[in-house]
Structures are given as structure tokens and as C-alpha cells.
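Student: Hi! Could you walk me through this one? I'd like to start with the helices.

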Amino acid sequence: MVYTIVRNCVKLWLHLRFRVRIDGIENIPHEGGCILAMNHTSNYDSLLVGTHTPRKMYIMAKEELFRKRFFAWLITEMGAFPVKRGQADLKSLKYTLKLIQDGNLFSIFIEGTRSQSGEMQEAKKGIGFIVSKSKAPVVPVYIHGTKQGWFQPAGVVFGPPVQLEEGIKHEEAAARIKEAIEKLAAAQ
């Protein structure tokens with residue numbers, strides 16, 4: 001119940017804040033584990049994506065966001081779980097793989113942090129690790145316009161799943177996913 005109420009309130013607020021456009025939602029499987037691999041430029045990004053997916057989205061969030069008890073409870077209800085940045089956080093990785101194995105929708109910012117310039121940064125190899133271990137479909141997601149002012153266009157483009165061959169190196173998988181997101185950006 002908390003999830004539905006908060007999701008709908010946030011979605012309404014985003015549609016008041018931005019002129020929202022969502023494309024390619026049909027590329028997200030309706031069931032089974034799936035990875036949404038996203039770019040990241042603004043604090044609005046996960047909200048914009050999460051309020052428009054056809055099912056609950058789980059996402060890693062920097063552990064600093066979980067310091068305040070009420071906020072930690074709220075974002076956990078919304079699908080966030082903590083990750084220690086700058087290191088291999090095995091607890092978060094195991095939890096991620098379990099979520100995907102259990103048929104959930106998992107999302108990740110492949111750059112690991114927000115891009116201050118708006119240009120895509122190098123993808124972290126962690127996305128490649130998660131993809132190779134989970135063997136789940138990867139939907140590239142391009143988020144745009146969330147750094148703009150009030151009433152400006154913003155949106156999300158969900159691309160067709162990226163096909164990665166078995167045994168691909170983690171760095172190569174990360175680079176291929178980044179390329180797929182960049183292609184979505186170029187088409188805008």
C-alpha cells in the first residue's frame with residue numbers, strides 16, 4: 001500500500017514538474033528477472049524510471065541515503081537497497097542476483113554515480129558481472145531532461161534488450177550496454 005501511494009504521488013509530481021515522455025515501455029518483459037541499465041544525470045532519474053515501469057523496480061542506492069531511519073524505511077519500501085560505493089560490495093551483489101533470480105525488475109546506473117556534465121561516463125564493470133552471473137535480459141534505458149528547469153521536457157527511452165553472448169568479459173559487456181544507451185540518446 002505504501003508503495004502504491006508513494007509511487008502515484010511521485011508520478012503526479014513529476015508530471016507537474018516536467019513535460020514527461022516515456023517511450024519503449026513495451027521492451028520491459030512483464031515477468032521474469034530483468035535488468036534496466038541506465039545513464040544517470042540527476043536525482044530525479046530513478047524516480048522518473050521507477051514510476052513508469054509496469055512492475056516494481058529494485059535499485060541500488062548509495063548507503064549514505066540509509067542513515068536517517070524514516071527515509072531509509074521509505075526508500076526501502078520503494079525498492080531501494082544500500083550499496084557501498086567504490087568497492088566490491090558482495091552483500092549487495094548477492095542480493096541483486098537473488099532479486100533477479102526471483103523474477104524481479106532490477107535497475108542500475110551503469111556509471112556508478114551522476115554525471116555532472118550530462119555526458120555519459122565510463123560504465124563500471126559491475127554491470128558486466130551482474131549480467132554474466134544472472135543471464136537476465138538487459139534493457140538499455142536512456143533518461144533525458146531531468147537536469148532542466150520546471151515545465152521542460154524530460155523522459156525515458158527503454159530500448160530493445162541487448163544481446164550479449166555467453167562468456168563475454170565483464171568490461172566488454174559494460175561497454176556494449178553503454179553503447180546501446182548512447183544509441184538511444186543519439187536517436188533523441
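This is a predicted model: local features need pLDDT of at least 70, side-chain atom pairs count only at pLDDT 80 or more; totals for chains, interfaces and linings use all residues.

Student: OK, back to α3. Which residues are buried there?

Tutor: Ala72, Leu74 and Ile75 are the buried residues of α3. Looking down the axis of α3, they fall within an arc of 165°, so they line one face of the helix. The arc is that of the directions from the helix axis to the C-beta atoms.

Student: And what covers the buried residues of α3?

Tutor: The cover includes α1 and β4 (80-83), where contact means heavy atoms within 4.5 Å. After α3 comes Gly79, with a positive phi near 110°.

Student: Let's do α1 then. What should the residues of α1 span?

Tutor: Helix α1 has 16 residues (2-17), which at 1.5 Å a residue should span 22 Å, and its end C-alpha atoms are 22 Å apart, so the two agree. The expected span is 1.5 Å times one less than the number of residues in the helix.

Student: Which residues of α1 are buried?

Tutor: Tyr3, Arg7, Leu14 and Arg17 are. Seen down the axis of α1, these buried residues lie within an arc of 90°, so they line one face. Leu12 and Leu16 are exposed, on the face turned away from that buried side.

Student: What do the buried residues of α1 pack against?

Tutor: They pack against β1 (19-23), α2 (45-50), β3 (57-62) and α3 (69-77).

Student: New topic: α6. Which of its residues are buried?

Tutor: Ala173, Ala174, Ile177, Lys178, Ala180, Ile181 and Leu184 are buried in α6. They cover an arc of only 155° around the axis, which puts them on the same side of α6. Lys183 and Ala186 are exposed on the other side.

Student: What do the buried residues of α6 pack against?

Tutor: Their partners are β2 (34-38), α5 (125-134), β6 (138-144) and β7 (153-158).

Student: At what angle do α5 and α6 pack?

Tutor: About 105°, with their axes 7 Å apart. Axes are lines fitted to C-alpha atoms, for helices over the stretch in contact, and angles run from 0 to 180 degrees between N-to-C directions. That makes α5 roughly perpendicular to α6. Angles under 35 degrees count as roughly parallel, over 145 as roughly antiparallel, 65 to 115 as roughly perpendicular and the rest as oblique.

Student: Who makes the contact?

Tutor: Lys125, Ile127, Gly128, Phe129, Val131 and Ser132 of α5 meet His170, Glu171, Ala173, Ala174 and Ile177 of α6.

Student: Let's look at a loop. Where is Phe151?

Tutor: Phe151 sits in the loop between β6 and β7. Its relative accessible area is 52%, so Phe151 counts as exposed. Phi of Phe151 is positive, near 65°, in a residue other than glycine.

Student: What is Phe151 in contact with?

Tutor: Leaving aside neighbours within four places in sequence, Phe151 is in contact with Leu16, Arg17, Phe18 and Arg19. Phe151 and Phe18 are 133 residues apart in sequence, yet 4.5 Å apart in space, C-alpha to C-alpha.

Student: Last one: is Thr96 buried or exposed?

Tutor: Thr96 counts as buried because its relative accessibility is 0%. Thr96 is in helix α4 (residues 90-101). Not counting residues up to four places away in sequence, Thr96 touches Met60, Phe81, Phe106 and Ile130.

Notes:
Residues are numbered from 1 along each chain as its sequence is written. Side-chain values use heavy atoms; hydrogens and water are left out. Buried means under 20% relative accessible area, exposed over 50%, partly exposed in between (1.4 Å probe, protein chains only). Helices (H or I, at least four residues) and strands (E, at least two) are DSSP runs, numbered from the N terminus.
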